[in-house]
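Dear colleague,

I am passing on the structure below, together with notes on what was found in it. Please keep it open while you read.

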Amino acid sequence: MIQFNIQRFGKLACWTLRNERNFLVRNTLQMLVAMSLIYLSFTLGFLKINGSTANYPACGMATLMMFTVFLTIGPGTMFNSMKGKYDRQALLMLPASNFEKYLMRYASWLILLPLFIVSVLCADLIQYAVNYMLGNEKTMFVASKAMELLSRSWTDTPAKELNGLIIPLACFHAAYALGGTFFRSPKYAWVFTTLVIILIVILMAWLLPSSVNLNEQSSDRLFMAWNSLTVVWVILAFWLSYKVFCRTQVIGKYVNL
């Protein structure tokens, strides 16, 4: 079978959207409720930071953090919509290649991204309407504050520090892609992956020396080596994730091997 066919993949995408519409709607509504509560709690003064009410910077920061976490752990939730062995059996029996099925499962969490953006915008509109009707003078949209914070952090953060933030997130993203296919439980695969990542980080912090003296030249070399290792790890993790997916069995206990 040809590994990728655009027409066959389109039919697979339509099948996935049709069968998982309830899952998508439920998660979208959950995000709408959660973000509405967060926005109203900060803007109405139920939650205060430094004694300040109408704390829109806190709302903007919460929004950016939510999307950062979602983009990082998203691959670990690629099987969340599959409830049991019957859903897994239906997936394996579909007339599509393993590569197409894997791409579709990976894309399943990406489908939630625009839906979550709509949920956040609706929650922002709700908080604006509530604060406007209550006559709060500092009423504004959270989206504008979030974009302001994002633009400021992007322009004010040095390139190396920005790289030092993106590279670990890329490593974690690849790790969640591997953990999402390796662990059997679709609901808790991201939890188990998080525990493994925490253990690895603790082990590395224990094994590595506490202080290293680096000059500018050695620091640049370490910077390039770290980036190269990250690229290798991301490629390896996604390759292993795909291989584990190809070995998935309908009946299993803890891992998909």
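Following the sequence, the protein has the pattern α-α-α-α-α-α-α-α-α, with 9 helices and 0 strands, where helices (H or I, at least four residues) and strands (E, at least two) are DSSP runs numbered from the N terminus. This is a predicted model, in which local features need pLDDT of at least 70 and side-chain atom pairs count only at pLDDT 80 or more, while totals for chains, interfaces and linings use all residues. Residues are numbered from 1 along each chain as its sequence is written, and side-chain values use heavy atoms, with hydrogens and water left out.

Along the principal axes, the C-alpha atoms fill a box of roughly 65 × 55 × 35 Å. Of the 257 residues, 35% count as buried, meaning under 20% relative accessible area, with exposed being over 50% and partly exposed in between (1.4 Å probe, protein chains only).

Among contacts (heavy atoms within 4.5 Å) between residues at least 6 apart in sequence, 76% join residues at least 24 apart.

What do we find at Tyr-188? Tyr-188 lies in the loop between helix H7 (159-182) and helix H8 (189-207), and Tyr-188 counts as partly exposed because its relative accessibility is 48%.

The protein also has 21 positive and 10 negative side chains, and the centres of the two sets lie 18 Å apart; here Lys and Arg count as positive and Asp and Glu as negative, while His and the chain ends are not counted, and the place of a charge is NZ of Lys, CZ of Arg, CG of Asp or CD of Glu.

Best wishes
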